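This briefing goes through selected local features of one structure, grouped by topic. Please read it alongside the sequence and the coordinates.

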Amino acid sequence: MDVARRQRAIWCAPLRTTYIVAGRRAGPGGLRRPGRWPAPGRRRRSAIPAHPPLYGRAAEQAAIDRVLEEAAVGRSGLLLLHGEPGAGKSALLGHARQRAAAHGMQCVQARGAVSESEYAFAGLHQLLHPLLRHLSALPGAQAKALAGALRLGADRVEDRFLVSVAVLSLLTEASAGTGLVCVLDDVQWLDRPTMETLLFVARRIRTERVAVFLGQRDPVPDPLSDPWLPRLRLGGLDEGAAGQLLAAGRDVPDAAVVRELVARTRGNPLALTELGEALAQDQLCGREPLPVPLPLGAGVERAFLDRVRALPDATQLALVVAAAEETGDLSAVVAALERLGLSDSSLDAAADAGLVSVRGGHVEFHHPVVRTAVYSGSGFTRRRRVHAALAEALLPQARDGRRAWHLASAALGPDETVAAELADAAEHARARGGYASASALLERAARLTPDVDVRAGRLYETARATWEAGRARHTEELIAEAELIARGPALLGRLLQLRGAVQMRSGVITDAYRTLSRAADCFAESEPSVAARCLVQAAEAASYSGDLRRFGELGATAARLASDEPAVHCTHLLLSGVGAVVEGDVGAGRELVTRGIEEAVALEDPMLVAWAGNGALFLGEAAQAMELFGRVGEPARTSGHVGALPSNLHFVVILEMLSGRTAHATSLADEGFRLARETGQENLEALHLSRLAFLHAMRGNEDACREAAQTALHTALRRRIGLAVATAHHALAALALIRGEYPEALHMLEALASAEPGTGHPVISLLSLPDRIEAAIHAGEPEAARTAMQELESWQAGAVTGEARALLARSRALLEPDDDRAVVFFEEALALHSGSVPAEKARTELYFGERLRRIRKRVYARRCLRSAADTLERLNMWPWAERAQRELRATGEARRRTSRTADLTPQELRIARLAAQGLSNREIAGQLFLSRRTVEYHLYKVFPKLSVASRADLTRLYYADPSLFE
């Protein structure tokens with residue numbers, strides 16, 4: 001069998017009890033020389049046990065048993081075991097496997113390795129290989145994505161979240177019947193895509209018979225710090241348990257010796273086990289003094305090295321080969337041994353000593369400390385020879401980075417040939433979604449690149465891959481390093497553009513504005529279109545912070561770009577127009593923005609169309625903004641590219657709010673918040689939370705509104721995200737307005753109007769003017785109401801759409817003391833409402849009905865109030881609907897709440913809508929990133945809430961009145 005075929009066989013083969021090693025049989029104990037098979041009935045001398053006995057771990061075992069018992073009855077569980085090296089994590093995970101077998105549950109397992117941590121989905125391949133028979137049961141897109149991630153097909157991994165959903169579906173399918181236990185050891189060395197996928201899945205399993213156990217070594221550079229993750233820290237053993245461990249197979253040790261060993265090892269089970277093997281019986285029993293110092297920490301490594309150095313020279317070199325090839329690929333190790341003039345039997349003595357074993361076509365060390373000790377204890381020259389041999393043994397066309405990595409380790413200095421191969425492997429890894437792997441390979445390539453300009457370019461690519469892998473801090477470090485040697489303005493511009501993107505999503509917003517403005521300057525002469533995009537990104541940063549005075553500067557900069565490209569001109573129109581509006585020249589600004597909107601629609605550039613929608617909002621043209629956001633939002637909502645969804649959903653939520661579909665907007669904002677949190681986009685997380693707060697206020701969910709607003713403000717104030725701060729404060733003001741606390745609402749809205757950048761946003765202040773006028777009138781502050789009215793008239797004097805002019809007419813009606821003139825303004829407002837923003841039309845009808853009732857025109861009042869109540873109930877805006885109902889009762893007409901979807905949670909509403917539209921549970925699960933059984937659980941609660949007995953009833957209800965599900 002040639003090397004390539006052996007590699008593929010090893011990668012794809014499941015674990016077996018008999019192995020073929022370079023044409024020779026080997027048993028589970030490891031490699032054997034010809035003719036050394038034990039006679040029947042004769043057992044081979046046992047090696048050091050893979051896991052220390054479980055002494056002093058009764059509480060931990062009970063915790064594991066509880067998770068398994070819950071999973072056995074359909075309540076999924078998760079537990080992270082973590083502690084210092086040798087704390088007994090692997091032994092407890094072994095206990096979990098044994099107990100799973102006792103429950104009759106299927107068990108799959110995987111173990112992290114340092115070398116494989118850079119290979120995307122390597123850990124997932126280990127874990128899921130026994131379950132691939134269920135792959136055909138998955139939806140086609142999920143099966144295709146998962147096959148691509150596991151290298152079972154040639155497809156590229158375009159959407160990591162789709163892979164995560166596929167894994168969720170696969171585990172759900174595999175757990176049917178007997179249940180499923182997933183055991184993952186050394187997760188600190190699992191590749192990042194695998195770990196993110198497993199955490200994604202673990203957050204969503206609720207009603208499946210699945211248990212997940214993780215083992216993590218402490219400390220590690222990047223621990224699993226998710227506060228949601230149930231964890232159990234393994235401390236040291238007490239004196240009683242340590243005495244039992246040391247006494248295993250030997251005389252009972254002296255109590256004072258045990259006390260001393262526990263004090264000097266902190267009860268570490270591995271250190272105690274090794275000391276129990278290394279110390280003489282007389283020393284353990286107190287008859288001879290303990291050696292000073294004890295082999296602890298680095299001393300434990302020395303103890304391993306002493307055992308290694310007692311082996312033949314050929315075996316020691318073979319161990320270095322196995323340690324250097326950290327994936328444990330047996331075929332690569334054997335091939336490298338041949339190139340070094342060694343036979344594949346060179347590892348037999350190490351296997352007999354219990355240092356290594358061969359399992360599933362992999363060389364496994366007894367403990368990671370052994371590997372570290374062997375590798376670090378060998379000299380540089382020997383390590384170089386070993387890496388060179390391994391590089392020769394691996395095929396370059398594999399492009400998995402292993403050969404390039406060994407070449408790099410064997411290099412004596414900068415080498416462009418090796419660097420180029422590393423860069424090629426990185427590109428291959430990136431194409432498969434392995435951004436962490438691409439980052440590591442590119443960084444090594446940059447270090448080996450002799451040409452300064454090429455090295456700077458590779459550092460930029462490294463920073464890009466590192467950012468894509470979700471490591472913001474290291475991205476900043478790489479950008480700073482590249483800046484020191486970057487000589488061309490184009491490369492410097494790209495570095496600044498990347499830094500601005502990082503700061504925009506996870507840094508201080510004002511820093512992002514300055515960085516992106518500098519990036520635009522770098523591109524101004526060579527690439528004007530790229531400069532224009534940087535200006536739009538800078539405008540986004542300015543808008544997030546609420547510093548809209550920057551728009552005039554950005555617009556002027558765009559005008560100076562020496563280019564006649566349509567995108568550059570469109571950018572100039574939009575930014576200059578908004579800048580003019582902010583400066584008070586609303587007429588000129590309206591003209592510029594209107595032309596910019598026309599050009600953006602013609603160009604069909606999503607970024608510019610989205611900004612055209614923002615421009616419409618700056619003008620108060622909510623209906624036009626809704627149409628423009630629909631062009632961007634609809635594809636985003638149905639594309640399935642979840643990595644971009646936190647940003648795209650921000651526009652979709654605004655669209656749904658303006659459309660009056662508050663329940664749907666709430667569910668989408670909740671989804672955007674959840675995805676932003678999972679992808680580490682803290683600034684977008686705060687924005688979605690502030691939108692959720694406003695939506696909760698509109699629906700009358702007071703506690704949820706306050707909680708979301710306060711959480712959003714905690715991040716937004718610290719990061720100077722003025723848009724999120726203003727939206728959260730507007731939500732609290734709207735809540736006060738709804739509750740009839742008019743002086744408090746007025747105070748908050750006036751504070752919103754005077755807020756500085758970073759703590760407020762002018763557009764939110766302008767959009768809240770109708771609420772401010774209403775609050776001032778009811779609070780008995782006519783002067784404050786007139787001041788707000790002047791601001792609204794100045795802003796909306798040239799309004800184009802009927803909706804904008806309708807709000808102006810409604811506000812005049814509220815402020816008008818003369819009833820006859822007020823009726824005229826209300827009628828004008830109702831005539832101008834097109835219905836595209838139904839919530840505002842309903843509020844106009846409500847206020848008109850209240851005025852008509854007070855002037856004793858009850859028949860006309862009922863007509864307005866009835867229509868308002870119907871609309872507000874349909875939109876689930878219950879505080880406003882109840883106000884309309886009270887007014888109706890005051891006219892003598894009784895009315896009761898009719899909507900049956902009001903009690904559904906946002907998640908239940910989305911599931912009910914999709915089920916009513918005919919989607920299967922599996923299709924719903926794939927679209928909402930849930931498990932199939934979670935969908936079933938929610939539908940089980942939906943049916944009684946809607947008083948339906950089947951999906952057919954649900955479909956009939958939906959098509960009888962689709963608005964109930966909005």
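Which residue just after α2 takes a positive phi? In this predicted model, the residue is glycine 74, whose phi is about 95°.

**Helix α2 and its surroundings**

- Helix α2 runs over residues 58-72, and its 15 residues reach 21 Å from the first C-alpha to the last, which is close to the 21 Å expected at 1.5 Å a residue.
- The buried residues of this helix are Glu60, Gln61, Ala63, Ile64, Asp65, Val67, Leu68 and Ala71, a list that holds the acidic residues Glu60 and Asp65.
- These buried residues pack against the helix α3 (89-102) and against the strands β3 (77-83), β5 (180-185), β6 (210-217) and β7 (231-233).
- Glu60 also takes part in a salt bridge, in which its side chain meets that of arginine 57 at 3.6 Å, N to O.
- Both partners count as buried, because arginine 57 has a relative accessible area of 5% and glutamate 60 has a relative accessibility of 11%, where the cut-off for buried is under 20%.

- Most residues other than glycine have a negative phi.
- Arginine 151 has a positive phi, near 60°, and is found in the loop between α5 (140-149) and α6 (160-175).
- With a relative accessibility of 29%, arginine 151 counts as partly exposed.
- Arginine 720 likewise has a positive phi, of about 65°, although it is not a glycine, and its place is the loop between α34 (702-719) and α35 (722-738).
- The relative accessible area of arginine 720 is 32%, so this residue is partly exposed.

**Salt bridges**

- Side chains of opposite charge can pair when their charged atoms come close.
- The count of salt bridges in the model comes to 41, and the pair of arginine 57 and glutamate 60 described above is one of them.
- Arginine 402 forms a salt bridge with aspartate 329, and the closest N and O atoms of the two are 2.8 Å apart.
- This pair links distant parts of the chain, 73 residues apart, with arginine 402 in helix α18 (residues 402-410) and aspartate 329 in the loop between α13 (313-324) and α14 (330-339).
- Arginine 402, at 10% relative accessibility, counts as buried, and aspartate 329, at 5%, counts as buried too.
- Glutamate 476 forms a salt bridge with arginine 499, with 3.1 Å between the closest N and O atoms.
- Because glutamate 476 lies in helix α22 (residues 472-485) and arginine 499 in helix α23 (residues 489-506), the pair ties together parts that are 23 residues apart in sequence.
- Glutamate 476 is partly exposed, with a relative accessible area of 25%, whereas arginine 499 counts as buried at 13% relative accessibility.
- Salt bridges that share partners also join Asp771, Glu774, Arg843, Glu850 and Arg883 into one network.

- Strand β8 (residues 356-359) and strand β9 (residues 362-365) pair in the antiparallel sense, over 4 bridges.
- Arginine 359 stands opposite histidine 362, which belongs to β9.
- The hairpin has 2 residues between its strands, and within the hairpin glycine 360 takes a positive phi near 60°.

Note on methods: Residues numbered from 1 in each chain as written. Predicted model: local features only at pLDDT ≥ 70, side-chain atom pairs only at ≥ 80, totals over all residues. Heavy atoms only, no water. Expected span 1.5 Å × (residues − 1). Buried < 20%, exposed > 50% of the residue type's maximum accessible area, 1.4 Å probe, protein only. Contact = heavy atoms within 4.5 Å. Salt bridge = Lys/Arg side-chain N within 4 Å of Asp/Glu carboxyl O. Pairing = 2+ DSSP bridges.
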